[in-house]
Amino acid sequence: MKYGIVIVSHSYDIAQGVKKLISQAAPDLSITTAGGTEDEEIGSSLEKIQQAVDDNHGEEILAFYDLGSSKMNLEMLMEMTDKKIHKYDVALVEGAYTAATLAQVDSPLDVIEKNLQPLKIK
Amino acid sequence: MKYGIVIVSHSYDIAQGVKKLISQAAPDLSITTAGGTEDEEIGSSLEKIQQAVDDNHGEEILAFYDLGSSKMNLEMLMEMTDKKIHKYDVALVEGAYTAATLAQVDSPLDVIEKNLQPLKIK
Amino acid sequence: MKLELTTAKKWIALFVEKLENNMAVLNELDTAIGDGDHGTNMKRGAEAITAAFAKKEPETLADLYKTTAFAMIQKVGGASGPLYGTAFLDMSKAEKSDELELGDLLQIGTDGLKRRGQSDVGMKTMIDVWQPVSEAAKNNQLNQKVIDDALAKGKDLVATKGRASYLEEKSKGHIDPGSQSSAYLFESLIEAIGA
Amino acid sequence: MKLELTTAKKWIALFVEKLENNMAVLNELDTAIGDGDHGTNMKRGAEAITAAFAKKEPETLADLYKTTAFAMIQKVGGASGPLYGTAFLDMSKAEKSDELELGDLLQIGTDGLKRRGQSDVGMKTMIDVWQPVSEAAKNNQLNQKVIDDALAKGKDLVATKGRASYLEEKSKGHIDPGSQSSAYLFESLIEAIGA
Ligand SMILES: Nc1ncnc2c1ncn2[C@@H]1O[C@H](COP(=O)(O)OP(=O)(O)O)[C@@H](O)[C@H]1O
Ligand SMILES: Nc1ncnc2c1ncn2[C@@H]1O[C@H](COP(=O)(O)OP(=O)(O)O)[C@@H](O)[C@H]1O
Ligand SMILES: [Mg+2]
Ligand SMILES: [Mg+2]
Ligand SMILES: [Mg+2]
Ligand SMILES: [Mg+2]
């Protein structure tokens with residue numbers, strides 16, 4: 001599929017939960033996650049983000065994050081990778097759900113982004 | 001403490017993860033969760049919300065939810081309980097983090113709500 | 001007209017039966033414009049209703065609706081739980097005070113849906129079936145065509161509430177799953193009354 | 001002045017030592033206005049630096065800064081990871097092309113922090129230590145007082161970036177944990193140069 005989704009969270013559980021939640025509404029989408037630190041503690045890991053991006057089957061990535069270092073690590077990775085990543089400063093759970101639902105039915109990026117706009121909070 | 005936090009999510013994992021994340025910044029706060037259905041599937045459960053409210057030690061509850069039925073079940077409970085519950089139509093993870101950080105240092109409700117205002121997306 | 005307890009029991013029993021037989025249909029409708037679980041959710045609710053009646057046979061209309069409401073609220077797990085639950089709970093409360101005309105009873109249920117869902121007709125939800133059915137019942141004109149027309153009309157709507165609303169324009173041309181389960185509810189009612 | 005490789009190695013070694021000795025202090029500062037993990041995060045980073053140097057002793061300034069950067073990026077787990085990581089990575093890149101004056105080197109690190117954090121001076125972050133230290137170094141006037149003054153000034157600020165910003169007014173009167181760890185970094189630098 002054209003778009004894949006990457007979830008970056010401080011928490012392993014949040015990342016897993018968001019994936020499960022949005023998979024229900026978007027079963028055909030590639031959704032990969034980077035939650036918590038290397039040892040599953042609260043925090044973030046550039047390596048996990050790298051892995052989530054590498055493992056994702058989307059041609060382009062729609063990326064969602066929660067707080068501070070999730071964002072910084074994601075941006076760091078974006079400077080390092082060749083893959084096209086669109087990062088959204090929106091509510092993590094609600095934004096990922098919105099994007100997934102629309103990407104599942106092959107909506108174009110401008111439609112997805114128009115629907116993410118009201119969820120911008122960062 | 002004056003305020004406790006209740007997290008209502010379609011996902012057991014999201015609810016647990018949010019609790020862990022915000023507990024770090026607000027270790028003294030009572031934070032209880034209602035995640036997923038009775039059998040830990042994606043969905044929501046009035047009984048779990050009831051339990052989370054009953055178990056919470058806050059005098060008043062600040063409640064956060066993700067989608068549709070989490071909200072409806074929460075509102076249903078609010079019609080049934082005597083406990084004072086403030087429900088916020090804000091980004092789940094980001095809103096709960098903001099409220100928890102402020103409640104931890106005994107900020108008054110109007111300060112908490114002023115800071116939640118920009119996170120309103122529902 | 002007013003519903004007798006035996007007729008109302010038949011109504012709910014037929015609804016339960018239809019839900020159990022059509023789980024896959026409802027799931028499929030929900031897969032197209034939602035999260036694919038409406039059939040599973042409603043089947044869980046249906047089984048809970050059967051279990052609750054087996055435990056204690058309802059003795060009044062108020063009882064019947066309340067037991068139905070609680071089963072849905074406790075076991076459905078999706079938005080349809082609090083929605084059907086509120087509709088039946090409000091109907092139960094109303095039956096307590098006086099014997100209601102069927103149309104008024106259904107309107108009370110519809111108003112419950114609107115309150116719980118913070119929604120109204122035209123949003124491509126089950127309300128688009130409940131409201132025209134309530135009106136037809138008030139005029140003693142409830143029949144299969146009312147239900148079919150409501151479903152057809154709802155199919156062409158763009159969803160503005162519930163999960164299908166995330167799809168915007170793309171929700172058009174699909175039958176709303178909650179509208180379909182509500183169609184089963186009212187088809188059951190027509191059958192129960194006719195029997 | 002320009003840093004020699006031996007001096008720079010001493011600098012980082014002293015920094016590692018201070019981080020390992022002051023984990024509790026940094027955690028406590030972060031508990032007051034953050035999530036309580038800055039000491040633990042930085043200690044993890046410090047251990048990773050030691051491990052990386054043990055594996056391969058850096059042979060150039062660029063090497064030294066790059067190894068330091070990667071250890072922080074990979075192991076810290078908090079915002080300070082990408083922040084210190086970017087600062088040292090940018091310093092490493094700059095050292096590759098030419099031998100830098102100390103003040104210019106530190107300014108490049110500071111600019112890296114600003115880019116990564118989308119932040120600037122006055123937001124009660126580590127930048128409020130890095131920027132005045134860089135300026136003092138450019139004027140060959142880096143000493144303990146510069147660091148102490150920066151910490152004192154930052155203490156009275158209201159945070160507008162990082163976790164402390166959630167506390168708004170209540171962040172005032174507390175020392176920013178990242179500023180304290182940066183103070184350790186530059187105290188180590190002064191000691192290394194003086195030794
Ligand atoms: N706000 C609302 N108001 C009225 N009906 C709604 C609302 N949200 C959802 N619905 C109804 O609920 C149905 C979905 O039920 P279900 O699939 O069981 O729940 P979920 O969407 O939580 O998975 C929709 O088809 C629609 O008819
Ligand atoms: N946007 C930012 N710009 C500059 N510095 C920041 C920013 N966000 C956080 N910091 C610095 O990082 C420190 C916190 O680091 P740490 O506790 O390790 O990370 P976290 O906040 O993720 O737990 C803060 O004290 C502050 O100095
Ligand atoms: Mg559904
Ligand atoms: Mg569902
Ligand atoms: Mg911290
Ligand atoms: Mg942290």
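A residue counts as near a molecule or strand if one of its heavy atoms lies within 4 Å of it. The model is predicted: local features need pLDDT of at least 70, side-chain atom pairs count only at pLDDT 80 or more, and totals for chains, interfaces and linings use all residues. Residues are numbered from 1 along each chain as its sequence is written, chains are lettered from A and ligands numbered from 1 in the order in which they are written, and side-chain values use heavy atoms, with hydrogens and water left out.

Ligand 2 has 21 residues around it; D:A79, D:S80, D:S119, D:D176 and D:G178 come nearest. The site is shared between chains, because residues from chains A and D surround ligand 2. By class, its shell holds 6 nonpolar, 9 polar and 6 charged residues. Here Ala, Val, Leu, Ile, Met, Phe, Trp, Tyr, Cys and Pro count as nonpolar, Asp, Glu, Lys and Arg as charged, and the others, Gly among them, as polar. Helix 3 (38–55), helix 5 (80–97) and helix 9 (177–194) of chain D each supply at least two shell residues. Helices are DSSP runs of H or I, at least four residues long, numbered from the N terminus.

Several N or O pairs fall within the 3.5 Å limit for a polar contact. A polar backbone atom of D:A79 is 2.8 Å from an oxygen atom of ligand 2. For the side chain of D:S80, the distance from an N or O atom to a ligand oxygen is 2.5 Å. For that of D:D176, it is 2.4 Å. Alone, ligand 2 exposes 560 Å², of which the protein buries 95%; areas follow the Shrake-Rupley method with a 1.4 Å probe.

Ligand 1 is surrounded by residues from chains B and C, so this site too is shared between chains. Oxygen atoms of ligand 1 lie 2.9 Å from a polar side-chain atom of C:N41, 2.9 Å from a backbone N or O atom of C:A79 and 2.5 Å from a polar side-chain atom of C:S80. Taken alone, ligand 1 exposes 570 Å², and the protein buries 95% of that.

The magnesium ion (ligand 6) has D:D35 (OD) and D:D37 (OD) as protein donors, 2.1 Å away. Donors are N, O and S atoms within 2.8 Å of the metal (3.2 Å for Na, K and Ca); water is not among the atoms, so sites may look incomplete. D:D35 also coordinates the magnesium ion (ligand 5), 3.5 Å from ligand 6. D:D35 is buried at 7% relative accessible area, and D:D37 is buried at 13%. Buried means under 20%, exposed over 50%, and partly exposed in between (1.4 Å probe, protein chains only).

Terms used: A polar contact is a pair of N or O atoms within 3.5 Å; within protein, one must be able to donate a hydrogen and the other to accept it, and residues adjacent in sequence count only if both atoms are side-chain atoms.
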